[in-house]
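Thank you all for making time this morning.

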Amino acid sequence: SMSAFVDKMRRRAGRWLDQRPMRVAPDRGVFSLSFDDIPETAWTEAGPILAEHGVKATYYVCGGLESGENLGLPQFTTAHLQALFEAGHEVGCHTFSHLSALRATPGAYAADLDRNAYWVAERLDGHVMTTFAWPYGDVSLTAKAVAAERFKLARGVRDGVNAGRADRAAAQAIGLESRRLPGYDLEALMAEAANERGWLIAYGHDVMDGP
């Protein structure tokens with residue numbers, strides 16, 4: 001449809017234009033794991049596995065999903081959020097209402113981000129979120145400016161390893177999801193991140209036998 005085509009063009013412009021460059025040159029390759037929305041299994045199932053391996057992840061939270069249901073899955077509770085934060089995992093912003101940047105004015109988007117910041121600070125002892133993940137991977141030029149004012153880094157869903165230079169307002173990432181995983185060679189991506197001294201970011205949602 002025409003609206004879908006317009007969305008695709010806006011999304012593409014947001015990802016490629018108004019880049020905010022950052023240098024990516026760690027001493028060795030880096031891998032980061034993140035969870036979006038926070039279905040409860042991202043903590044109840046993944047939390048013990050992460051602890052067993054001494055790994056810290058980033059959990060991107062939407063306050064509006066707390067104790068609710070999203071895509072047919074029960075979402076985190078405040079107790080889950082507080083437990084993962086106390087365990088040393090990072091809590092980042094994913095808007096309050098899982099809002100698409102293609103569906104809101106800059107003012108409405110900013111208000112939704114501010115609402116999430118207030119909601120999280122109330123529950124996590126004043127915690128200020130410094131990283132952001134775009135819901136649906138939707139990035140618009142106007143929302144990009146809003147996010148860049150508030151966060152040190154914003155993560156998108158465009159595939160690839162961040163190496164040499166990256167856009168700090170839409171860093172690349174790969175999806176660890178059943179519908180995406182067959183398309184990835186994870187070992188090759190890990191090797192690329194190591195060889196290029198790059199940063200490979202992965203994101204997922206729920207953690208279960210039939211995800």
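This is a predicted model: local features need pLDDT of at least 70, side-chain atom pairs count only at pLDDT 80 or more; totals for chains, interfaces and linings use all residues.

Residues are numbered from 1 along each chain as its sequence is written, and side-chain values use heavy atoms, with hydrogens and water left out.

Let me begin with the core. In soluble globular proteins, nonpolar side chains tend to be buried together. By a nonpolar core I mean a set of buried Ala, Val, Leu, Ile, Met, Phe, Trp, Tyr and Cys residues joined through side-chain atoms within 4.5 Å, where buried stands for under 20% relative accessible area, exposed for over 50%, and partly exposed for anything in between, with a 1.4 Å probe and protein chains only. The largest such core here has 44 residues, and the members that touch the most others are Y59, V61, L81, Y109, F132 and W134. Helix 5, residues 106-123, gives this core its largest share, 5 residues; helices (H or I, at least four residues) and strands (E, at least two) are DSSP runs numbered from the N terminus. Apart from this core lies another, of 9 residues, including M22, L153, V157 and A166.

Which residues does L81 touch, if we do not count those up to four places away in sequence? They are I38, V61, F76, V91, W119 and L124, and contact here means heavy atoms within 4.5 Å.

L81 also leads us to helix 4, residues 78-86, where it is buried along with T78, H80 and L84. These four cover an arc of only 160° around the axis, and therefore sit on the same side of helix 4; the arc is that of the directions from the helix axis to the C-beta atoms. On the face turned away from that buried side, helix 4 carries the exposed residues A79 and E86. The buried residues of helix 4 pack against helix 2 (41-44), strand 3 (58-61), strand 6 (90-93) and helix 5. Just after helix 4 comes G88, with a positive phi of about 100°.

Now to the pocket. The search runs on a 1 Å grid over the protein atoms alone, and a pocket is an open set of points with protein on both sides within 12 Å along at least five of seven lines, whereas a cavity is a set where a 1.4 Å probe fits but cannot get out; lining residues have an atom within 4 Å of a point. The largest pocket holds about 800 Å³ of space, and of the 35 residues that line it, L176, E177, G204, H205 and D206 are the closest to its centre. Strand 2 (30-37), helix 3 (46-53) and strand 11 (199-204) are the elements that give two or more residues to the lining.

Finally, some single residues. P39, in the loop between strand 2 and helix 2, is buried at 4% relative accessible area. Leaving aside neighbours within four places in sequence, P39 is in contact with L73, P74, Q75, F76, H205 and D206. D37 lies in strand 2 and is buried too, with a relative accessible area of 3%, and its phi is near 75°, a positive value in a residue other than glycine.

R197 likewise has a positive phi, near 50°, and is found in the loop between helix 7 (186-195) and strand 11, where it is partly exposed at 39%. P48, in helix 3, is partly exposed at 48%.

Technical notes: Grid points are joined across faces, edges and corners, and a volume is the space filled by probe spheres set on the points.
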